[in-house]
Amino acid sequence: MNTLLDLQKRIADEREKRGFVTDPVKLAVLLTEEIGEIASELKRHWSKNYEGIRTDRLEEEIADAFVILAALANQFDIDIEEAVEKKFFDKDGRREWKSA
């Protein structure tokens with residue numbers, strides 16, 4: 001069974017093979033760019049000035065953002081699945097939320 005950590009490793013291997021950047025600052029800039037592309041696609045969902053949203057393009061932009069996020073996590077040996085479990089489910093799960 002493939003895990004998220006397996007996917008992170010596959011991403012790292014493929015990015016290395018392709019010669020992509022690994023500098024954390026450059027990865028942060030690339031992640032910001034990809035998040036902007038997600039926002040641009042989502043704007044099509046509500047703005048009457050654009051054709052409707054295309055989920056195939058949104059899917060690609062989300063994938064691009066995830067790959068860059070995984071690359072950034074890999075630079076610091078962060079297991080994303082473990083980090084989400086610890087932060088979102090454990091730490092935030094004990095927090096009292098006034099609204100959701």
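Q: Which pLDDT limits and numbering apply here?
A: In this predicted model, local features need pLDDT of at least 70 and side-chain atom pairs count only at pLDDT 80 or more, while totals for chains, interfaces and linings use all residues. Residues are numbered from 1 along each chain as its sequence is written, and side-chain values use heavy atoms, with hydrogens and water left out.

Q: How do helix 2 and helix 3 cross?
A: Helices (H or I, at least four residues) are DSSP runs, numbered from the N terminus. Axes are lines fitted to C-alpha atoms, for helices over the stretch in contact, and angles run from 0 to 180 degrees between N-to-C directions. Here the axes of helix 2 (residues 24-46) and helix 3 (residues 55-75) cross at roughly 160° and come within 9 Å. That makes the two helices roughly antiparallel, a term for angles over 145 degrees.

Q: Which residues of helix 2 and helix 3 meet?
A: Contact means heavy atoms within 4.5 Å. Among the residues of helix 2 that take part are Leu27, Leu31, Ile35 and Glu41, and the helix 3 side includes Arg57, Leu58, Ile68 and Leu72.

Q: Is isoleucine 68 buried or exposed?
A: Buried means under 20% relative accessible area, exposed over 50%, and partly exposed in between (1.4 Å probe, protein chains only). With 9%, isoleucine 68 is buried. Isoleucine 68 lies in helix 3, and its C-alpha is 5.8 Å from that of leucine 31, 37 residues apart in sequence. Leaving aside neighbours within four places in sequence, its contacts are Arg15, Leu27, Leu30, Leu31 and Glu34.

Q: What accessibility do glutamate 41 and glutamate 81 have?
A: Glutamate 41, in helix 2, counts as buried at 6% relative accessibility. Glutamate 81, in helix 4 (residues 80-91), counts as partly exposed at 38%. Beyond four places in sequence, glutamate 81 is in contact with Thr3, Leu4 and Gln8.

Q: How many aromatic pairs are there?
A: Rings of Phe, Tyr and Trp (its six-membered ring) pair if their centres lie within 6.5 Å; planes under 30 degrees apart count as stacked, over 60 as edge-to-face and the rest as tilted. The structure holds one such pair. The ring centres of phenylalanine 88 and phenylalanine 89 are 4.9 Å apart and the planes are at 85°, so the pair is edge-to-face.

Q: Where does the charged end of arginine 95 sit?
A: A charge sits over a ring if NZ of Lys or CZ of Arg is within 6 Å of the ring centre and within 35 degrees of the ring normal. The charged end of arginine 95 is over the ring of tryptophan 97, 3.9 Å from its centre.

Methods:
Angles under 35 degrees count as roughly parallel, over 145 as roughly antiparallel, 65 to 115 as roughly perpendicular and the rest as oblique.
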